[in-house]
Structures are given as C-alpha cells and as structure tokens.
Amino acid sequence: MKLQLHLPFRILVVLALSITAASARAQDKACSSMTVTETAEPLYPPIAYAAHVQGPVFVKVTFLRDGSLGKISFVKGPDFLRSGALTYIRGWHANEDAHTRICTVELDYKRQSGNRNLPRAVRVSPTRVLINSPEMLIQP
C-alpha cells in the first residue's frame, strides 16, 4: 500500500523544509561573521595529554544579543577534552547582534611533541579553533 500525499500537503512540506534550511543558513552566516573576544587561555587538560587523547570537540553555543553566553551543550568529542573546552568557551564574548545566535563551535585539540614554537591556539574562524599542546603543561 503506497502512501499518497495530496498536492497541498506536499507543498506545505516543501515550504516547511525551505524555511528550515533558510534559517540554518542565516545562523551559519551570523556565526561566521561574528567577532569573538577571549578572556580565558585555552587549556589542554593534563589527563587528556597524559592519555594521548586528541581530536575535535564540537560544542553548541548560544550567544545572546549582547554577545554574552547563553546555553552551552556538547555535541560530540572525547570526554577527557570537554573540561578544557568548557573552561575556554566560558571566557568568550561575541559582538552584539540583533538576534540570538546558536553556533556550533569546533575546538580541535592536537597533541604535538617536540615543537615548542607552536602557538597554544590558532583561531581559524569565529567558530573553529586549533588548540596545540607542544609540551606537557603540568606534570601528572
């Protein structure tokens, strides 16, 4: 038995999907064009360093109209890196905007050995930061 949709219902579904997609693109644009100031240094958690854990942590962050942080929730990433990501993001402040922005932030932790000249963090975009640990920051 085939499910047959009536033409008006099909139009409503397409319209709803179009509005959702446009809203997502608007959020992406608002996030990619924002400026972020930081009051906290990025931290590579010592337990993660000692356990050789690295990789991206994805966090959904709500920036309120005044640029302050609202809700922060983890999307995915290694558990050992989440505490460092949370501490770092809590020190962020975005520029003011007419709307609340919900952005997915990527913090990519890389455990580097032997290269002490690397910067601790490199902001690739407003929502993507590479975090390096050129050496053990704290001895376990």
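Two residues are in contact when heavy atoms lie within 4.5 Å. Keep that in mind for the first stop.

This is a predicted model, where local features need pLDDT of at least 70, side-chain atom pairs count only at pLDDT 80 or more, and totals for chains, interfaces and linings use all residues. Residues are numbered from 1 along each chain as its sequence is written, and side-chain values use heavy atoms, with hydrogens and water left out.

**Stop 1: T62.** Select T62. Leaving aside residues up to four places away in sequence, T62 touches S68, L69, G70, K71, T100, R101 and I102. T62 lies in strand β2, residues 55-63 (strands are DSSP runs of E, at least two residues, numbered from the N terminus). T62 is buried at 15% relative accessible area (buried means under 20%, with a 1.4 Å probe and protein chains only).

**Stop 2: Y44 and Y49.** Now go to the aromatic rings. The structure holds 3 aromatic pairs (rings of Phe, Tyr and Trp, the last by its six-membered ring, with centres within 6.5 Å; edge-to-face means planes over 60 degrees apart). Select Y44 and Y49: their ring centres are 6.0 Å apart and their planes stand at 80 degrees, so the pair is edge-to-face. Y44 is buried at 2%, and Y49 is buried at 9%.

**Stop 3: Y88 and W92.** This pair is edge-to-face, with 5.5 Å between centres and 85 degrees between planes. Y88 is buried at 1%, and W92 at 3%.

Stop 4: Then select R111. Its charged end sits over the ring of Y49, 4.0 Å from the centre (CZ of Arg or NZ of Lys within 6 Å of the ring centre and within 35 degrees of the ring normal). Finish at R123, whose charged end sits over the ring of W92, 4.5 Å from the centre.

Conventions:
Helices (H or I, at least four residues) and strands (E, at least two) are DSSP runs, numbered from the N terminus. Buried means under 20% relative accessible area, exposed over 50%, partly exposed in between (1.4 Å probe, protein chains only). Rings of Phe, Tyr and Trp (its six-membered ring) pair if their centres lie within 6.5 Å; planes under 30 degrees apart count as stacked, over 60 as edge-to-face and the rest as tilted.
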